[in-house]
Amino acid sequence: MAPVSTALTTRVESGSSYQLDADQVQRAASSLVKHLATEAESKNAKSTRQDLLADAGNTSEDNADDDEVPVWLILTTKQHVVDQKKLKPGKIPLPYSLNTSPTARICLITADPQRTYKDIIADPSFPTSLSSRIARVIGISKLKAKYKPYENRRQLLAEYDIFLADDRVITYLPQVLGKVFYKGGQKRPVPVSLVGKPDRVDGKTVKPVKGSGLIVKGGEKVARAVITPSDMAKEIEKSLSTALVHLSPSTTTAVKVGKASWTPDKLVANIEAVTNGLTEKFVSKGWRNVRGIHIKGPNSMALPIWLADELWVEEKDVLDKIPEPVKKERKPKKGSLTAEAAVLAIEGTKDGKKRKSLGDAEDLDKPAKKSKKAESDDLAKEVALRKEKLKKQKADALADVEALSKMSEKVPASIGDKVKKTKKPKVAPVA
């Protein structure tokens, strides 16, 4: 691949730096198209056998045909574009449509009832060139009921080339269709507006009755106007000529802008349109929040077409020093005590009085009367007093024993003999 100079990607020669350099975009597009063509030729030359594992329903870009190899625009921002992932993709009009094949089969997913939109497509005023491409019209309720099994979804994906969906039900489709449609991204449903123009009375828009498809017109409830065949055809053609923007809480957004078989001029026109659409409609703070713009193929390197001079949006985002990491406090589990509560509970049992409950709020809220060091000193004093008391009792007992022994020595023998000879009086038995 031809090297691309990065000096021209930071600032243009004249005017504001927040714009694309046409020469740089042209060089990058030409180099990418040439590289993808060379890569396709070498791949065809090496592959002499047919890949029997190739699945007709596989939507991976790696297994796409050479003419259908996509070209992506990668937008990198300084801050997140959105806070949460949006299920409804945005649309940016393209000068050159990505869906121009006359043989492509289209599946249209509509809100209920589906019969209304089938009749509109079958109307003679509906363009035949477009109605011949719409192979099927299916309502959201029937889609849920019939294509609940995984294998049925895969069969539906392989049967059609393009999927259009009413923008009123587009947010429900990720749950209904699942990862079969949304993992690869090649055949994600394109939103299309199938609602007719709002009814007007005396120059004012009439709001529909809540919970029904009726409106109050002339004091009576009448059916709301349905979209006309010509308006529906225009909305479908407009949706087929747009680039889808899937926003997520990150700093990188990828948008499909062309194909490898296109000329560099076509790619440049679509790149400029998508870049202007992203910075004006989807990226908060516009060009100030853009860090870099690149273009690439499925397996190629990303070629820069614009790089920012600064890495921040505003001066207040620049920090003088690295902030210290914030320590998150762990929340105690249900029924467990905090560290302070556990210490108070333990200290409350040292005096020998057991609390009613360790989780008692009234007991745990009381502050500790003494510190641990003071309590240990009191305990040592108490032990010393007990030892002294025991020593004193032992000394007194020894003194009493010595006194008794001395008294026994002074008693005369005659008195002792008399005591021995003394007999106990006999007690008469009770009759």
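This report describes the nonpolar cores and the salt bridges of the structure above.

The model is predicted, so local features are given where pLDDT is at least 70 and side-chain atom pairs count only at pLDDT 80 or more, while totals for chains, interfaces and linings use all residues. Residues are numbered from 1 along each chain as its sequence is written, and side-chain values use heavy atoms, with hydrogens and water left out.

**Nonpolar cores**

A nonpolar core is here a set of buried Ala, Val, Leu, Ile, Met, Phe, Trp, Tyr and Cys residues joined through side-chain atoms within 4.5 Å, where buried means under 20% relative accessible area, exposed over 50%, and partly exposed in between (1.4 Å probe, protein chains only). The largest such core has 38 residues, of which L20, L73, I271, V274, L278, I293 and I305 touch the most other members. At least two residues of this core come from each of α1 (22–46), β1 (70–77), β11 (242–245), β12 (252–259), α9 (264–282), β13 (290–296) and β14 (303–307); helices (H or I, at least four residues) and strands (E, at least two) are DSSP runs, numbered from the N terminus. Another core, of 21 residues, lies apart from it and includes A104, I134, I162 and I227.

When neighbours within four places in sequence are left aside, L73 is in contact with, among others, V255, V257, I271, V274, L278 and I293, contact meaning heavy atoms within 4.5 Å.

**Salt bridges**

The structure holds six salt bridges, each defined as a side-chain nitrogen of Lys or Arg within 4 Å of a carboxyl oxygen of Asp or Glu. Three of them are listed here.

| Pair | N to O distance |
|---|---|
| E310 and K78 | 3.3 Å |
| D166 and R168 | 2.5 Å |
| R386 and E382 | 2.9 Å |

R386 and E382 both lie in helix α12 (residues 372–410), four residues apart, which is about one turn of the helix; R386 counts as exposed at 53% relative accessibility, and E382 as partly exposed at 38%. Elsewhere, salt bridges that share partners join K78, R288 and E310 into one network.
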